[in-house]
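Subject: Structure for your review

Dear colleague,

Please find below the structure that I am handing over to you, together with its sequence. My notes on it follow.

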Amino acid sequence: MTLAIVLAADPAAGHLTEPGRPAGEPLTERLAAQWRRAGADDVRIAADLTELADLVAAATGPVLVSGADLVAHTAVLKHLATSPVGPTVALVLTDPPAPGQATVREERGQVVEVDAADATGVFGGALRVGAADLPALADAARRAAGAAPDAPDARLTDPASAPGVGAADGGPRNAVDRLVADLAARGTLIFAQRVRLLVAHRVGDEAQRDAAEAAVAAVDEDRAELKLSVKERDDFFTTFFVSTWSPYVTKAAARIGIGPTGVTMVSVAFAVAAAVLFGVGGRPALVAGAVLLYLGFVLDCVDGQLARYTRHFSAWGGWLDTMADRFKEYVVYAGLGFGATHAGFRDGWALALAAMTLQTVRHMTDTWYGALHDEAARRPKVVTADAGGIGGKLNAASTRVQADTGSVSYWLKRTVVFPIGERWALIAIAAALFGPLVALVAVLVWGALAFAYTGGLRTLRARWMRVPVMATVDAGLHRDDGLLARTLPTTRRPLLLAVLGALGAAGTLVWALLAVHGGGDLPVFVPVLALVLLLGAAQASRAPHDGSLDWLVPAALRAAEYLFAIAVGVAGRAPAWLIFGYVLVLTLHHYDLTARLEKRQSAPPLHAATLGWPGRSLLLAIGLIAGYASIALATLGAYLLVVFVASVVLAWVVLPARARGGVRSPG
């Protein structure tokens, strides 16, 4: 249940009235009504911070808090209440700060400092606090109210000296501003909710209220929300060839009642149909496949736009969208690989495998570099150190380019990294005009160049940031080590060992390709040596991952496992489609982990049953040495697929149903 609290302790509550209401009636009643329309289950008006603290202490779900000086579209409050970016979110405005209002500095969508000298906005007087942060909110309210009798520090019992109580200009701080300042001072992770196209202002007198009300009335709320459903910043192809007309599809879907999940499934169907047509070959089929692929990508954008427009967000929807995007792309690679092979190029499946492996490893680096940047945003002092070095100069240059929205350099930077829109556009155009083989080669060439470009720049910037992001998470889980790795002796230098494992697997694959094409067999000692290197990398499972480049470890381990599995398949002369299928199942498992990292979720319910990458590699090596590589790939792949499906059902169907029914979820 969501509780909304309007705090009547701010000066505005006493003298701002609502037109048409009895004189002296506070504006708090208007805000309370808006919170109800925004979806709050229970709305209360708290006379002061002490009463607010009591209400928060009794709450069991998210709590929405606003002051009494906010005039805004109801949609602004609804967006704050339903924001998917994180559990605790603060409204941030671009208005000049008035006395008593807190200014904020944001980085990567996070409020990293309150009352900073280089503020990027002003606190909008409203915030949503997640259930996990409610104790901190209640304590902050008591501290700000001077009601902390057991405080170990005089600052905690004196409202004038509590964090955020004194305004930057020396005047008294508004009550709700004290709360956000205190939460930020505690290190609470607060995300920023910016206001675009809609209107929100904090007002201090009747004249300001009248101006704000006029601004609210001048905006078509529904039309603005439809525009807001499109991402503010997107890639070149998506911006100019999709988002120019996809909002019309979004509006139509909302009218006929199709939800975001339904749109996602239709998008998957389009991509699968495109893959089949690419496999069939022939100019009409290739052109039709290209059109379906484009339309599937449009729907891939529409599902997110529809979620934002209708404010129907869910952890399941976010997870499904991430998994569906990767599945669609890799199914298209499979169609292209089959089509190229069918057209007479015997290594079509090999190109599809290479494209899938390259893209997955790239995505792993994207995920962890994003996590590194988020962690760096919470450590501004670390980020700003050594600004004169090459990493600092690159960071400053990147910031300037990103700020110059719409410039040639801005679009070049967003395009050269080969995002999903550009990948799908290239596949569609190349397949329609030249065929599956050219499409796969084009994806591999551009993908490899983009990987080299982003990898080099990110490595330099990461060395400058010096943020040990892998040390802040369960490294063993995201390494996907499994039980076998935990039984091995511990060795330090996880990145070096992971890279050596990947190089060993790559060398094994090259040797296997040469041996098979030469009509011979792979010597037994080669996969054994590669396995030794892999198990060496597994020994770093419990070692500290505190190096500035250790965020690359998961990607290196994914490369090592995939390359070794492909080498086993090649050496054992397994069908190419079987090798592709096995690696595809592995990618689904690993994307599940990264999706959970991005959504801040726990491990999959059956994660231990996946055996870990060392265990899986060991079983494949045994199968190869015994002469049953194909059977090993098929059996292990089928087993992992069953575990993956069962884990999805448990995580998203069974356990939530038990939780709703009051049955305690396992472990």
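A residue is called buried when its relative accessible area is under 20%, exposed when that area is over 50%, and partly exposed in between. Please bear in mind throughout that this is a predicted model.

Backbone

By that cut-off, Arg466 is partly exposed, because its relative accessible area is 48%. Arg466 sits in the loop between α20 (436-465) and α21 (475-479). Its phi angle is near 55 degrees, which is a positive value in a residue other than glycine.

Arg108 is a further residue, not a glycine, with a positive phi, here near 50 degrees. The loop between β6 (103-107) and β7 (110-114) holds Arg108. With a relative accessible area of 44%, Arg108 is likewise partly exposed.

Salt bridges

How many salt bridges does the count come to? The total is 28 salt bridges.

Glu213 and Arg30 form a salt bridge in which the closest N and O atoms are 3.3 Å apart. Glu213 belongs to helix α8 (residues 206-217) and Arg30 to helix α2 (residues 28-37), so this pair ties together parts that are 183 residues apart in sequence. Are the two partners buried or exposed? Glu213 has a relative accessible area of 18% and is therefore buried. Arg30 is buried as well, with a relative accessible area of 12%.

A second salt bridge is made by the side chains of Arg196 and Glu232, at 3.5 Å from N to O. It links distant parts of the chain, 36 residues apart: Arg196 is in the loop between β9 (190-194) and β10 (200-202), and Glu232 is in the loop between α9 (221-228) and α10 (236-241). Arg196 is partly exposed, its relative accessible area being 27%, whereas Glu232 counts as exposed at 58% relative accessibility.

Arg573 counts as partly exposed at 43% relative accessibility, while Asp521 is exposed, with a relative accessible area of 62%.

Helix packing

Two packed helices are described by the angle between their axes and the distance between the axes. How do helix α12 (residues 260-280) and helix α13 (residues 283-310) meet, and at what angle do their axes cross? The two axes come within 8 Å and cross at roughly 165 degrees. Angles over 145 degrees count as roughly antiparallel, and α12 and α13 are therefore roughly antiparallel to each other. Their crossing is left-handed. Sorted by class, the residues in the contact of α12 with α13 are 20 nonpolar, four polar and two charged.

With kind regards

Note on methods:
Residues are numbered from 1 along each chain as its sequence is written. This is a predicted model: local features need pLDDT of at least 70, side-chain atom pairs count only at pLDDT 80 or more; totals for chains, interfaces and linings use all residues. Side-chain values use heavy atoms; hydrogens and water are left out. A salt bridge is a side-chain nitrogen of Lys or Arg within 4 Å of a carboxyl oxygen of Asp or Glu. Helices (H or I, at least four residues) and strands (E, at least two) are DSSP runs, numbered from the N terminus. Buried means under 20% relative accessible area, exposed over 50%, partly exposed in between (1.4 Å probe, protein chains only). Axes are lines fitted to C-alpha atoms, for helices over the stretch in contact, and angles run from 0 to 180 degrees between N-to-C directions. Angles under 35 degrees count as roughly parallel, over 145 as roughly antiparallel, 65 to 115 as roughly perpendicular and the rest as oblique. A crossing is left-handed if the near helix is turned anticlockwise from the far one by less than a right angle, and right-handed if clockwise. Ala, Val, Leu, Ile, Met, Phe, Trp, Tyr, Cys and Pro count as nonpolar, Asp, Glu, Lys and Arg as charged, and the others, Gly among them, as polar.
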